[in-house]
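Please keep the sequence and the model at hand while reading.

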Amino acid sequence: MTADHLSPPRWAERIASWRLPDDRREFVLGDLDEEFRHRAIQQSRADATRWYWRQAWRTLFGRHPRILTPFEQPPGREPERAHVMNNIAADVRYALRGLRHHPTFALAAVLTLALGVGANAAVFRVAWQVILKPLPYPDASRLVRVWEAYQRNGALLTNTVAPGNFVDWQTDTHSFDGFGAYTALRSTLDLTGSGDPVQLEARYVTGDYFPIFGAAPLAGRILTSADINEGDPAPVVLSERVWRQQFGAERNVIGQSIKLGGVPHTVLGVMPEAFGVSAGATTDVWIGLTLGPKERLNHGGHYLGVVARLKPGVTIDRAIADVQTAALHTRAAFPDSNKETLATVTSIEEERGGTLRQAIGLLSGAAAFVLLIACANLASLQLARGLSRAREFGIRTALGASRGRLMVQLFVESLVVAAIGAAAGLALSSWIVTVLSHVAPATLRAGLAASVDWPTMAAAGALALLSVVLFASAPAWQTATRAGRWINQRVASVDRHAAFVRTILVTGQLALAVMLLVGATLLVTSLSRVLRVDPGFDPDGVLTFDVTVPNRFEPRDQLFAAIFRETQALPGVTAVCAINAVPFDETFNMTYVSEGDTKPVGAFPRTVTPGCFEVLRLRLLAGRLFTSHESTRVGVVTQSFARRAWPNLDPVGRRVHLGIPNGAIIEIIGVVADSLQRSLETTAYPQFYEVASAQSAFIPTTVMVRTSVPPASLFSAVRAAVRRVDPDQPVARLRALDDLVGASTSERRFNLSLLVGFASIALVLSAVGIYGLFAHVVAQRRSEIGIRMALGAVPGTVVRLMLRRAWLAVGVGLIVGLAGTYGLSGVLQHLLFSLSPTDPWIYTGASVALGSIALLAAWIPSRRAASVDPVSALRDAQ
Amino acid sequence: MRSPPRLNIVYDVKDMTQPLGDFEQLVLLALFRLGDDAYGATIRREIEQRTGRDLAMSAVYVTIDRLEAKGLVRTRVGDPIPERGGRRRKLVTMQPAGRRALSAAYRRFKAMIDGLEHRLDSR
């Protein structure tokens with residue numbers, strides 16, 4: 001074995017070395033070294049390392065007295081390192097002993113701190129997952145997305161990009177090292193030939209896509225432009241999940257050909273899990289995309305997402321100006337389709353989380369409030385405990401302990417509590433996060449499932465340290481300063497001062513608590529208002545599932561006819577139809593141009609079989625609905641479409657061009673009521689319904705079934721029915737429509753759960769704080785109460801006297817808190833729905849609720865004032 | 001008839017050392033076994049192997065210091081050795097006073113335990 005192999009652990013050696021007196025260090029370390037080698041050879045290096053660390057630990061906390069020879073002087077007043085450390089080690093032992101002897105204090109302190117740290121650690125965990133965690137790509141700050149943009153009511157709305165625009169802007173811009181695109185609309189492909197057919201989420205990407213991210217593949221290599229040749233089936237890259245689930249993570253699948261949608265594709269490589277999630281919605285397989293000559297002139301179908309990498313030194317603003325110029329050039333060249341098209345650029349790193357970003361800021365603030373409230377309670381606890389240790393500190397001061405020494409001891413005690421509380425808080429935050437993952441939006445759920453990670457632990461540690469500073473400094477300073485006087489002064493005056501400080505703390509707690517309560521109530525009210533919104537269609541009792549359809553119309557029509565036949569026969573089914581995109585699922589935009597006009601109208605395109613109006617229960621407002629035999633291309637539009645295309649005119653009988661002014665003609669035969677397609681909180685966006693036929697622009701792939709029984713009860717029956725039609729059909733995304741609608745509020749429910757949780761914790765902590773304060777006040781003023789009662793005061797009067805302080809604290813606390821909420825109302829505005837952040841009913845309600853709880857918490861201990869026996873009170877006051 | 005137990009306590013000025021503490025006894029006994037030029041590591045190892053007590057190295061040194069202050073052992077510094085990372089050893093030698101202290105301690109212990117051995121047998 002080489003010398004290196006047998007050298008002891010460096011850090012353990014350092015720790016031991018630091019603690020040892022100078023005259024002993026060399027010898028002790030030498031002996032430890034020798035013994036370490038001996039053990040490493042006799043047993044194992046691991047055993048030796050463990051032994052060495054134990055020795056280092058004992059050196060750290062042990063005593064190292066030095067026997068002075070007659071010729072040595074005692075060490076000077078300046079504390080040696082060992083001297084200070086001896087004391088700190090002693091303080092830690094003393095603190096732990098103290099906690100054992102006062103379990104109620106210990107429990108109260110640890111629980112309070114655990115609640116404060118736990119709440120913050122949980123929010124930090126969420127923030128880390130959503131915004132703080134570095135993206136797994138090199139130089140991720142330069143990754144951007146390019147969008148089409150439109151001015152609408154003073155705001156700039158973004159849209160995915162039409163291929164014609166993509167191609168033009170790719171050559172016309174100068175700010176980017178790499179300009180790639182991926183299909184933003186959903187496409188699926190069946191994987192056949194290895195077990196049951198499985199439907200995969202496919203994304204078609206241009207050659208630049210993977211190089212822009214710079215992520216390394218898990219196996220094989222990435223797709224590049226060189227791999228894409230027009231005419232040949234493009235090679236593919238698999239996601240890690242598919243590679244593991246479908247191919248058992250076999251390396252030999254790379255280079256092999258797999259069948260997707262019946263077409264063989266070569267597998268180039270595998271991308272790791274992290275890539276699939278952060279680059280956009282879940283993707284199972286990436287396929288090379290070729291934009292043919294027809295697509296390169298398509299400026300009306302906006303189905304591409306565009307990613308790019310900024311050139312070094314180029315800022316986002318410069319890039320935005322660059323793409324705007326390119327957009328204007330395209331508009332000049334194609335005035336019909338690009339009449340209002342602008343462009344913009346966003347940073348991928350900074351748009352992570354989307355709407356959740358704002359909420360996280362708010363939730364962090366709320367969690368900070370909870371921590372402050374917890375620290376106020378802790379400071380109160382420390383103050384109270386300090387009072388009961390008055391004698392102890394007084395004696396120590398008389399014996400010569402300096403103020404600094406006492407403060408160090410108090411700080412160490414607080415640190416010990418903080419360490420235990422932080423550990424408990426970490427455990428609590430883990431539990432909170434587990435509960436949260438059930439209401440979290442789908443994008444967040446995977447990230448929250450992991451167990452506690454290093455950043456969260458570091459955050460919990462930092463928070464504990466912060467709370468030590470917050471809750472220990474004032475009491476420690478006060479205790480240490482007044483320790484000397486306590487022996488002389490009457491405890492009563494110190495007591496009064498402590499009660500005053502605690503009252504201030506309680507008032508602060510109430511202010512923060514009312515802010516949290518108002519916020520939580522506002523969010524709850526918003527959610528209930530959102531849930532009352534009528535989506536315009538009836539999602540209850542509808543189930544949907546995807547099938548893989550043939551490209552040509554006749555076989556597709558027959559497939560649907562067979563599926564309809566089988567499902568209609570199931571008990572409880574009242575109507576069936578097929579559609580290209582269900583409400584509240586991924587959807588994209590199409591442009592339509594009214595005949596004789598040039599202004600394009602954007603709408604969600606819907607290709608449906610005639611039964612869909614019945615399944616969705618869309619109301620007919622004018623004209624008629626589809627029949628099963630239409631001779632020409634016909635369409636049904638929604639109210640908002642009609643209003644935009646033909647304001648104040650009858651739309652029935654009018655005609656539109658699909659996509660561009662010379663596009664295919666479709667005649668409008670009916671108007672239905674608006675329905676929401678993306679979210680319950682936005683206004684309805686126009687939709688254009690076309691009957692499914694050989695010429696229809698889009699292909700229905702989803703079957704919708706209306707049932708009179710709960711949809712979930714029919715899931716297996718539906719699967720069986722489809723299998724009877726075609727055993728090779730993968731029945732994908734089988735779910736109930738109202739779950740889909742419900743999922744659209746998941747972010748709101750997530751924010752709400754956290755804020756309600758925080759408000760509850762704040763309420764409990766504040767109530768506990770108030771209770772403690774009043775129990776203390778009653779005990780402190782016992783002699784005064786005794787005097788009053790001896791002089792004839794009625795017990796009720798005495799209690800009311802005690803409570804005067806409560807009224808004051810509650811009153812001031814509520815006023816300050818409501819003022820604070822009012823001041824922060826701008827922040828809350830974004831998160832509310834059809835509700836003013838300064839809603840007076842909610843302010844009143846929250847104040848009354850909190851005030852009542854606070855007064856109750858004050859009244860319970862104050863009642864004891866009424867049962868004070870005047871004689872014993874006066875006697876004890878001597 | 002059994003003769004009464006003889007008191008073997010000999011009052012000798014040279015024997016009137018302070019009683020040895022528990023650690024001090026262990027260290028002296030280890031030294032006695034190891035002979036001259038024992039040092040911290042060997043002493044500690046000897047105690048651990050025989051009694052199973054895993055002492056802290058620094059505690060051993062504190063004890064050696066105390067014994068030296070009482071005049072029961074003498075220490076000197078040895079040469080640096082590569083196996084110890086080039087560090088020197090502090091070699092400990094028992095002094096006659098140490099031997100006397102050990103004997104005295106043994107006699108006291110034996111006097112007290114006389115007749116009780118079978119009841120205190122290691123179980």
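Which residue lies over the face of Trp859(A)? Arg863(A) does, at 5.0 Å from the ring centre. This is a predicted model, in which local features need pLDDT of at least 70 and side-chain atom pairs count only at pLDDT 80 or more, while totals for chains, interfaces and linings use all residues. Residues are numbered from 1 along each chain as its sequence is written, chains are lettered from A and ligands numbered from 1 in the order in which they are written, and side-chain values use heavy atoms, with hydrogens and water left out.

**Charges over rings**

- The charged end of Arg14(A) sits over the ring of Trp11(A), 4.6 Å from its centre; the term requires NZ of Lys or CZ of Arg within 6 Å of the ring centre and within 35 degrees of the ring normal.

**Aromatic pairs**

- Over all chains, the search of the whole structure finds 24 aromatic pairs, a pair being rings of Phe, Tyr or Trp (its six-membered ring) with centres within 6.5 Å, called stacked if the planes are under 30 degrees apart, edge-to-face if over 60 and tilted for the rest.
- Tyr137(A) and Phe275(A) are edge-to-face because their planes stand at 80°, with the ring centres 5.8 Å apart.
- This pair links distant parts of the chain, 138 residues apart, with Tyr137(A) in the loop between helix 5 (103-132) and strand 1 (143-152) of chain A and Phe275(A) in helix 9 (residues 273-278) of chain A; helices (H or I, at least four residues) and strands (E, at least two) are DSSP runs numbered from the N terminus.
- Both Tyr137(A) and Phe275(A) are buried, where buried means under 20% relative accessible area, exposed over 50% and partly exposed in between (1.4 Å probe, protein chains only).
- Phe166(A) and Phe179(A), by contrast, form a stacked pair, with 5.6 Å from centre to centre and 15° between the planes, and both are buried.
- Ring pairs also link a cluster that includes Tyr137(A), Tyr182(A), Phe275(A) and Trp286(A).

**Disulfide**

- One disulfide is counted over all chains, by the rule that two cysteine sulfur atoms lie within 2.5 Å.
- Cys577(A) and Cys612(A) form this link with their sulfur atoms 2.1 Å apart, and with 90° about the S-S bond the link is right-handed.
- The link connects distant parts of the chain, from Cys577(A) in strand 14 (residues 573-579) of chain A to Cys612(A) in helix 19 (residues 612-616) of chain A, 35 residues apart.
- Cys577(A) is buried at a relative accessible area of 0%, and Cys612(A) is buried at 2%.
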